[in-house]
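Good morning, colleagues. I would like to take you through several local features of one protein chain, and I ask you to keep the structure in view as I speak.

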Amino acid sequence: MEFKIASVDSLIIYFGDSIGSDVAKEVRKVFYKLKEKKIDGVIELIPSYTSLMISYDFIKFSYAQICKKIEDVLLETQESHKEIDSRTIVLPVYYGEDVGLDLLDMAKEKGMSPEDIIDIHSNQEYYVYAIGFAPGFPYMGEVDKSIATARLSNPRGKVPKGSVGIADRQTAVYPRQSPGGWNIIGRTPIEMFDTSYSGFSYFKVGDKVKFMPISKDEFIKQGGDL
């Protein structure tokens, strides 16, 4: 792990250089440990694929003081070796061409059928590495190399809420209508962001996710909006 100053009121802890489950588990373990301890002066914790950004009250505490507080917790974490339980969540997705805005183009680009794209995407388990971009937006990986696709060269001004997308080897769900450049292949009826959820997000860092294909009728029945 490596500490670095990010700005006058934040620092970043780096856990490694490459994306992977081992590094992700370390990020997750420290994230939840620091969150649980509620360190005086720490304002916000933002985990990502290989790092954890920490914003703090720089008026009350210096960078060195915050680092010392964090290091004490990390030492305790290393000694306890406590693993946080991970949830496995099955997310229903309607992969119809009427909501999979880029499904046909992706299939053509890959020399596959739309059904091939759907099968590959839904037959894999994904790890939630981070929640960001918009509240409740989960960054998950990794997508099978055969369907990994670069972001759109011209992002959309409006991506519908619930859209499931692919960008390179990542997959994600748009929690609300917003601009975006991910390749959209389906839509879920499940709300990704709601004040009734713990932490307001349907997913949490460290969750494992499986996408389950459903019909249009089932999508609508579950509250999906076309």
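Where is the place of Lys38? Lys38 sits in the loop that runs between helix H1 (21–37) and strand S3 (42–47). Please bear in mind throughout that this is a predicted model. The backbone at this position deserves a remark: phi of Lys38 is near 50°, a positive value in a residue other than glycine. With a relative accessible area of 71%, Lys38 is classed as exposed, because the term applies over 50%.

Asp168 belongs to the loop between strand S9 (163–167) and strand S10 (170–173). Its relative accessible area is 37%, so Asp168 is described as partly exposed.

Staying with the backbone, I turn to a peptide bond. The bond from Gly141 to Glu142 is cis, and its omega is near -10°. Glu142 is located in the loop between strand S7 (138–141) and strand S8 (156–159).

Next, the surface. Which residues gather in a patch of negative charge? They are Glu97, Glu115, Asp116 and Asp119. Of these, let me take Asp116, which is part of helix H4 (residues 114–122). Asp116 has a relative accessible area of 33% and is therefore partly exposed.

There is a patch of another kind to consider. Val8, Phe58 and Ile59 make up a nonpolar patch on the surface, and together they have about 330 Å² of accessible area. Val8 is placed in the loop between strand S1 (2–7) and strand S2 (10–14). Is Val8 buried or exposed? Val8 is exposed, since its relative accessible area is 57% and the cut-off for that term is over 50%.

Finally, I come to Cys67, which lies in helix H2 (residues 63–80). Why does Cys67 count as buried? The reason is its relative accessibility of 8%, because buried means under 20%. Leaving aside residues up to four places away in sequence, Cys67 touches Phe3 and Leu11. Val93 stands 26 residues from Cys67 along the chain, and the C-alpha atoms of the two are separated by 43 Å.

Thank you for your attention.

How values were computed
Residues are numbered from 1 along each chain as its sequence is written. This is a predicted model: local features need pLDDT of at least 70, side-chain atom pairs count only at pLDDT 80 or more; totals for chains, interfaces and linings use all residues. Side-chain values use heavy atoms; hydrogens and water are left out. Patches are made of residues with over 30% relative accessible area and no salt bridge: like charges are joined within 9 Å, nonpolar side chains (Val, Leu, Ile, Met, Phe, Trp, Tyr) within 5 Å. Accessible areas come from the Shrake-Rupley method with a 1.4 Å probe; for residues, only the protein chains shown count as cover. A salt bridge is a side-chain nitrogen of Lys or Arg within 4 Å of a carboxyl oxygen of Asp or Glu. Lys and Arg count as positive and Asp and Glu as negative; His and the chain ends are not counted. The place of a charge is taken as NZ of Lys, CZ of Arg, CG of Asp or CD of Glu. Helices (H or I, at least four residues) and strands (E, at least two) are DSSP runs, numbered from the N terminus. Buried means under 20% relative accessible area, exposed over 50%, partly exposed in between (1.4 Å probe, protein chains only). Contact means heavy atoms within 4.5 Å.
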